[in-house]
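Thanks, everyone. I'll take this one quickly. Please have the model open while I talk.

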Protein chains: 2
Amino acid sequence: MPSLEFWFDFGSNYSYLSVMRIEAAAAQRGVAVQWRPFLLGPVFQSLGWRTAPFLQQELKLAYVWQDMVRECRKYGLPWQQPSVFPRKAVLALRVALWADEQPWVGEFCRRTMALNFGQDRDVESEASVRATLQAMGLDADSVIAHALSEPNKLRLRTQTETAMAKGIFGAPTFFAGQDMFWGNDRLDDALAHCQALEH
Amino acid sequence: MPSLEFWFDFGSNYSYLSVMRIEAAAAQRGVAVQWRPFLLGPVFQSLGWRTAPFLQQELKLAYVWQDMVRECRKYGLPWQQPSVFPRKAVLALRVALWADEQPWVGEFCRRTMALNFGQDRDVESEASVRATLQAMGLDADSVIAHALSEPNKLRLRTQTETAMAKGIFGAPTFFAGQDMFWGNDRLDDALAHCQALEH
C-alpha cells in the first residue's frame, strides 16, 4: 500500500483543512497516511522569519481569514476564527507524535484541530489535551506521561530538525516518496502522485 | 451574464496558468472575463517588498519551480523555466490594457504567456510584441502606437493604483463582485462564486 507523509502543526490554519480530510481522501485512493507532527515555529525561525510569512503581511492575513471561511464552507468544516493565533499546541503535538502509529492518531488530531479552528477553544493547556483524550476513552494520564517523557520530547525536536533537513518551509506539507507538495491545495495531487508512484 | 475580473501580470508564473485556461473555464460556466492587466512590481514595492515574496525565500522558490512542472502537466500546458524571471513585459501589458475589450485580448495574452513560460522567450522587447501581433493578423504598428500613447500609459498607472486600492497583493487575483480570490488555485472557486452571485 503506498503511503503519504503528512507534515503538520496544530497551530497552522491550512493544516486544519488537511487534518480534517486526509484520512478519508487517502482511503478513497488506497493510500496510507504517515502522520508527521512537527513544530513549525523553529522552522520559520531557521528561515529568518519571526513567524508565518503571511502574519507579517496585513493584506494577506486579512485575505487568509476570508479564504478560510470559504474553504471551510467548501469542505463542509466548522470554522471560527481563532482569537489566539497561532496557538502553540506543544503537548498535543507530543501526544500525536507518541501516537503516530496508533489507530486513534487521526481522531486525536481532528478533535484537536476542530477545537482550535472550529470552536476557537484552547488546545495549549494540559487540561485541554486531557479532556480530548478522555473523550476518546483513552487513559489520559498514561498517554500524557508518555508524551512528556524525555525520549518523546527529544523525538519532537528531532522530527522538527528532519523537517528542516527535508526542505520543509510551511505546513501542511506532503511527501510522496522524495516529492514534496506544499499546502492543502495540493493534497489531492499528492495522493494521486502517490498512487502513480506505486504503478 | 455574470463577469469575473481577472487581475494579472505577464511576469507572474501563476498568472500564466490562469491566463491559459480562464476563457475556456469561464465559458463553461457562462461567465464573462474582464481582463485587468496591471504592474505587479509597484504593488509589491508599495507593500515594502523588493519583489515577489517567494523570490526572497530560496526554499520556496525552488519549490515553486517543481510545482510549476507539475501544474503545467496537470493542465496540459507547455512549460520551460524562464531564464529571466520575472520578465517585465510593460509594452505587452499596455497592449493588453488598450485591447481589454477587444475579442482578441485573450489570444494575445495566451500567446505572450506561452512565449514567456512555455518557450522561455523574450516578451519584453517591442520586436517580440510586434511579432505576436503580426502572427495574429493584426496591424501591429497601429496597436503599438495606441499602446504607447500617453493616455494609455497613464491608464496602466491608474489601473495599478486601482489594484492597490482594492487590496490586491499578488497575481493572479480574481474579483467576483466585491469578493477577492487570490491565486490560480482559486480560479474555479471564483467562477463558481460568480455564478452563485447571479442567482
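Start with symmetry. Chain B can be laid on chain A with an RMSD of 0.0 Å, using a turn of 180 degrees and a shift of 0.0 Å along the axis. The superposition is least squares, on C-alpha atoms of residues with pLDDT of at least 70 in both copies. So the relation is that of a two-fold axis. Within chain B, the C-alpha nearest the axis belongs to B:Asp185, at 3.5 Å from it. The copies meet through the same surface, because 100% of the interface residues of chain B are also interface residues in chain A.

Housekeeping, briefly. This is a predicted model, in which local features need pLDDT of at least 70, side-chain atom pairs count only at pLDDT 80 or more, and totals for chains, interfaces and linings use all residues. Residues are numbered from 1 along each chain as its sequence is written, chains are lettered from A and ligands numbered from 1 in the order written, and side-chain values use heavy atoms, with hydrogens and water left out.

Now the cores. A nonpolar core here is a set of buried Ala, Val, Leu, Ile, Met, Phe, Trp, Tyr and Cys residues joined through side-chain atoms within 4.5 Å. Buried means under 20% relative accessible area, exposed means over 50%, and partly exposed is in between, with a 1.4 Å probe and protein chains only. The largest core has 68 residues. B:Leu4, B:Phe10 and B:Phe108 have the most contacts inside it. Its largest share, seven residues, comes from helix 1 (residues 13-28) of chain B. Helices (H or I, at least four residues) and strands (E, at least two) are DSSP runs, numbered from the N terminus. A second, separate core has 67 residues, including A:Leu4 and A:Phe10.

What does B:Phe108 touch, leaving aside neighbours within four places in sequence? Its contacts (heavy atoms within 4.5 Å) include B:Phe10, B:Ala92, B:Val129 and B:Met136.

Next, helix packing. Two packed helices are described by the angle between their axes and the distance between the axes. In chain A, helix 1 (residues 13-28) and helix 3 (residues 58-75) pack at about 10 degrees, with axes 10 Å apart. Axes are lines fitted to C-alpha atoms, for helices over the stretch in contact, and angles run from 0 to 180 degrees between N-to-C directions. The two helices are therefore roughly parallel. The cut-offs are under 35 degrees for roughly parallel, over 145 for roughly antiparallel, 65 to 115 for roughly perpendicular, and oblique for the rest. Among the contact residues are A:Tyr14 and A:Leu17 from helix 1, and A:Trp65 and A:Met68 from helix 3.

Backbone next. The peptide bond from A:Phe85 to A:Pro86 is cis, omega near -10 degrees. A:Pro86 sits in the loop between helix 3 and helix 4 (90-98) of chain A. From A:Ala171 to A:Pro172 the bond is also cis, with omega near 0 degrees. A:Pro172 is in the loop between helix 8 (150-165) and strand 3 (173-176) of chain A.

Is B:Asp120 buried or exposed? B:Asp120 counts as buried, at 19% relative accessibility. Its phi is positive, about 50 degrees, although it is not a glycine.

Last, B:Ala171. It is buried, with a relative accessible area of 12%. Beyond its neighbours within four places in sequence, B:Ala171 contacts residues including B:Trp7, B:Tyr14, B:Phe38 and B:Trp182. The C-alpha atoms of B:Ala171 and B:Pro37 are 10.0 Å apart, though 134 residues separate them along the chain.
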